[in-house]
Amino acid sequence: MLVEVLILGAVALVVWLLFFKEDENPLDKLPGPPRKPIIGNSWELFQSPPDKLLDVLVDYTKKYGDRYVFKVMNLRVLHISGPSDVEAVLAHSKNIKKSAPYQFLKDWLGNGLLLSTGAHWHRRRKILTPTFHFNILKNFATIIEEKTQDMVKMLKDKKGEDVSLMPMISDFTLFTICETAMGTKLDRDQSSATVDYKNSVLNIGMQMLSRITRIWMHNDVIYKNSPQGKEFAKTLSVARSFADDVIMDRKAQRAQNQGVEETESSDGIGTKRRLAMLDLLLEAEEKGQIDMEGIRDEVNTFMFEGHDTTAIALTFGLMLLADHEDVQDRIYEEVENILNGADHVTMSDLADMKYLEAVIKEILRLYPSVPFIGRDIDEDFKMGDLLVKAGTTVDVHIYELHHREDLYPEAEKFKPERFLGNEMKHPYAYVPFSAGPRNCIGQRFAMQEMKTTLSEICRNFKIVPKVKGARPRLMADLVLRPVDPIYVKFIPR
Ligand code: HEM
């Protein structure tokens with residue numbers, strides 16, 4: 001009997017030493033919700049309904065300040081929302097590895113640009129960076145304008161009735177990313193496929209959130225064999241097959257055209273090749289630089305990042321504009337002055353729209369489409385006076401950073417003039433597109449799309465709220481979302 005007790009004791013000691021023994025760690029001196037032995041704060045995580053996680057985290061920031069620690073078993077998650085700390089994390093060339101919950105998306109986005117790390121990520125970023133060069137964006141201008149005109153026409157047909165923003169806008173952004181970056185035209189007669197795709201993206205977000213809050217589901221084997229994991233696999237197959245169709249469509253077109261489209265360059269001298277992002281990837285495949293699986297990963301990544309983020313920003317943006325007629329009028333005047341009766345908007349017109357740019361910046365300050373980003377720390381580094389050890393996870397709270405009163409007085413108010421000419425209080429006070437080596441590769445595309453759309457809408461309509469001053473409850477899955485639909489009216493000018 002004594003021998004059995006001794007063996008059991010020895011096994012318990014080894015397990016404790018291996019999994020639960022606490023190292024000396026400066027993070028343990030930081031505030032945070034009280035941690036229980038062994039499980040840390042896992043219980044709090046489990047108790048938070050997935051759609052309330054944003055509220056819980058915002059409350060913790062209010063309670064514990066801009067550096068607090070949340071412990072999941074023996075993993076320390078450092079939450080930050082101060083600009084100098086955000087700079088220390090994002091500007092550091094070594095902090096490029098995404099945190100564990102991103103890996104829950106692996107079966108969808110694979111080793112695409114958002115999830116990958118190390119040398120693989122560097123190689124892919126190098127292949128993909130030219131696809132968002134100014135000259136390529138210039139070629140996208142006509143398509144973006146065409147899609148905007150379609151939307152304006154559809155809104156005119158609505159004759160001032162209430163319009164639910166997110167479904168309409170996300171159709172527009174999905175059609176636009178497919179036609180620009182993927183070179184594939186989606187028609188409205190394919191709308192059931194697009195609706196299925198958009199629903200699957202929403203479900204992926206919710207299913208991922210629910211997995212985050214149940215730590216036993218973090219294990220791949222347990223999750224994949226659970227009913228939730230099987231449901232998730234079904235959702236993913238809808239999203240993936242939509243992306244596959246887009247790739248096949250473009251491949252078929254290329255085979256028909258025997259190569260890439262040739263278009264007249266804007267200076268009229270000779271011809272210049274217009275490469276959609278997908279063409280560039282297919283060319284890289286021909287050169288053996290990427291395989292078909294890699295192309296699928298990137299197409300899935302860019303279709304998701306390229307449509308959902310901008311749709312959310314435009315949805316919140318139109319909601320804010322509806323409540324601020326003075327801002328709409330000022331955009332209208334600026335656009336009319338710049339276009340001076342012209343039918344088409346050029347890249348240089350867009351660059352001149354400084355007030356509209358300030359409006360978009362303020363929209364993304366109040367409602368950053370990506371409210372948090374997470375990093376796994378591979379090497380010890382200093383965050384100001386604090387040593388952050390390898391093995392820590394850092395969550396950067398963009399949402400709370402953007403709502404700080406010391407950086408943005410009257411932070412809850414929509415005041416685009418904050419961004420007119422004033423010096424920022426800190427270079428990392430405003431990071432809707434992240435910053436540093438893993439910043440958003442599509443930010444110029446996003447600004448171009450949002451400027452084109454909002455300028456055209458304000459030129460054609462007065463936007464009126466359904467209920468003045470109403471604000472939806474917010475939740476965050478992969479992106480920030482309104483819990484309830486947002487309605488506005490578009491009254492032709
Ligand atoms: C308002 C619009 C957008 C916002 C606010 C936004 C924001 C962000 C943020 C914060 C990140 C960093 C994510 C992280 O570190 O986890 C990111 C990364 C990324 N974004 Fe965007 N994004 C927007 C539009 C777009 C568009 C239009 C595209 C594609 C055309 C795009 C493609 C990507 C990709 C591929 C990455 C990963 C980049 C890398 O890690 O190298 N985004 N975006």
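Trainee: Where is the place of Cys440?

Mentor: Elements first. Helices (H or I, at least four residues) and strands (E, at least two) are DSSP runs, numbered from the N terminus. Cys440 sits in the loop between helix H17 (398-402) and helix H18 (443-460). A word on the source: this is a predicted model, where local features need pLDDT of at least 70, side-chain atom pairs count only at pLDDT 80 or more, and totals for chains, interfaces and linings use all residues. Residues are numbered from 1 along each chain as its sequence is written, and side-chain values use heavy atoms, with hydrogens and water left out.

Trainee: What is the only protein donor of the iron atom of the ligand?

Mentor: Donors are N, O and S atoms within 2.8 Å of the metal (3.2 Å for Na, K and Ca); water is not among the atoms, so sites may look incomplete. Here the only protein donor is SG of Cys440, at 2.3 Å from the iron. UniProt, in an unreviewed entry, lists Cys440 under "binding site". Such annotations may be inferred rather than shown by experiment; positions follow the numbering used here, and feature names are shortened.

Trainee: How many residues surround the ligand?

Mentor: A residue counts if one of its heavy atoms lies within 4 Å. The shell has 29 residues, and the closest are Tyr102, Trp121, Arg125, Arg438 and Cys440. Helix H13 (292-323) gives the largest share, five residues. By class, the shell holds 17 nonpolar, seven polar and five charged residues. Ala, Val, Leu, Ile, Met, Phe, Trp, Tyr, Cys and Pro count as nonpolar, Asp, Glu, Lys and Arg as charged, and the others, Gly among them, as polar.

Trainee: Which side chain has an N or O atom 2.6 Å from an oxygen atom of the ligand?

Mentor: That is Tyr102. For Lys98 the distance is 3.1 Å. For Arg375, a polar side-chain atom lies 3.3 Å from a ligand oxygen.

Trainee: Where does Leu114 lie?

Mentor: Leu114 is in the loop between helix H5 (106-109) and helix H6 (118-128). Its relative accessible area is 18%, so Leu114 is buried. Beyond four places in sequence, its contacts include Lys98 and Arg438.

Conventions:
Buried < 20%, exposed > 50% of the residue type's maximum accessible area, 1.4 Å probe, protein only. Contact = heavy atoms within 4.5 Å. Polar contact = N/O pair within 3.5 Å; in protein donor to acceptor, adjacent residues only side chain to side chain.
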